[in-house]
Amino acid sequence: MAAPTAYALIATDLDGTLLRGDDTLSDRSLAALARVAESGARHLVVTGRPAPRVRPLLDDLGSTGLAVCGQGAQVYDAGADRLLWSVRLDRELAETALGKIEAEVGQVYAAVDQDGVDGLTLIEPGYLMPHPTLPAVRVGRRDDLWYEPISKVLLRHPYLSDDELAATARSVVGSLATVTMSGPGTVELQPCGITKATGLALAAEHLGLGPAQTLAFGDMPNDIPMFNWAARGIAMANAHPELKAVADEVTLSNEDDGVAVVLDRLFAEVCDLPA
C-alpha cells in the first residue's frame with residue numbers, strides 16, 4: 001500500500017522526542033507508529049545512542065529493520081544484529097581534541113562509546129551519566145577509555161552549561177572531530193564530518209528512499225543536520241531554541257506525545273480516523 005501522505009520515511013530521534021522522560025514509549029506513540037507501518041511508510045530511529053543501547057528499544061517497537069545510531073556513525077540492522085556501516089573516532093585525535101578543550105575550560109569529565117554491536121559505554125572517575133537508566137562501566141583512569149575502538153566521546157563540565165562547553169569545543173577542536181550537543185549533560189565528539197544526516201542518508205538510500213520523502217522529528221541541535229536533509233523537520237515543544245529556529249513546525253512535547261499527534265494527523269485515513 002502506498003503511503004497516504006508525501007512522506008514514505010519517518011525519522012525520529014529518541015531521547016526528548018519519541019521517548020518519554022522515563023525512557024518508555026506511550027501506547028499512543030506505539031499505535032501511531034503501527035499506523036505508519038500499516039500505511040506502507042517506514043519508521044527509522046535516528047539517535048545519538050550507540051547500537052547496543054538502542055537494541056532493547058527496537059525490540060519494544062518490534063523493529064527488525066534499520067536504525068541510525070551513534071549520531072550517524074552507525075547504521076544498524078536490527079534483524080541481523082549487525083552494523084551495515086560504521087565510522088570510528090580515531091583515539092589519538094580524540095585525546096588531542098580533549099586536551100585542547102581542557103586547555104580552554106579546565107578539567108572535563110569524559111566517557112566513550114565503544115564501536116560494535118556489543119560495545120560498552122565506559123566512564124572515567126567523576127563522569128555522571130545523563131541517562132541513569134543506560135548501562136555504563138566505570139574505569140579507573142582516563143587512559144582506560146582508549147583500549148578498544150570507539151565511536152564517540154561524551155563530555156561534561158563541572159559548571160559550564162552545555163551550550164558554553166559545546167561552543168568552546170567547536171572553537172578549538174577544528175577538524176579533529178565533529179562537536180554535537182544531543183541532550184542535557186551531553187556534549188559529544190564524533191568522527192569529523194559525521195552527523196545524523198550522513199547516517200540517515202545512507203539508511204534511506206538502502207531503503208530506496210530520499211530526502212524528499214522524509215519527515216524528521218527531533219529536539220536538540222544535533223538534529224539540525226537531519227532537519228536540513230529531510231523535506232520537513234518537526235521540533236518538539238521541549239526542543240532547544242536552535243532546533244526550533246530551523247524547524248518547519250513545532251509539535252507538543254515528548255511527554256505529550258508530540259510525535260504521535262503529527263502522525264495521527266498525517267496518517268489518519270489509514271484507520272479512518274477524523275483528520
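This report walks through a sheet and one of the helices in a predicted model.

## Ground rules

Residues are numbered from 1 along each chain as its sequence is written.

## The open sheet

Let's start with the strands (DSSP E runs of at least two residues, numbered from the N terminus). Eight of them form an open sheet with mixed pairing, in the order 5-4-3-2-1-12-13-14; two strands pair if DSSP finds at least two bridges between them. Strand 5 (82–86) and strand 14 (249–250) sit at the edges with a single partner strand each, so one side of each has no neighbour in the sheet.

Inside the sheet, strand 3 (residues 66–69) and strand 4 (residues 74–77) pair antiparallel over four bridges. Cys69 stands opposite Gln74 in strand 4.

## Helix 4, end to end

Now for a helix (a DSSP run of H or I, at least four residues). Asp90 caps the N-terminal end of helix 4, with a side-chain oxygen 3.0 Å from the backbone nitrogen of Glu92. Just after the helix, Gly106 takes a positive phi of about 80 degrees.

## Its two sides

Ala94, Ala97, Leu98, Ile101 and Val105 of helix 4 are buried, meaning under 20% relative accessible area, whereas exposed means over 50% (1.4 Å probe, protein chains only). The buried residues fall within an arc of 100 degrees seen down the axis, so they line one face of the helix; the arc is taken from the directions from the helix axis to the C-beta atoms. On the other side, Glu92 and Ala103 are exposed.

Technical notes
This is a predicted model: local features need pLDDT of at least 70, side-chain atom pairs count only at pLDDT 80 or more; totals for chains, interfaces and linings use all residues. Side-chain values use heavy atoms; hydrogens and water are left out. A polar contact is a pair of N or O atoms within 3.5 Å; within protein, one must be able to donate a hydrogen and the other to accept it, and residues adjacent in sequence count only if both atoms are side-chain atoms.
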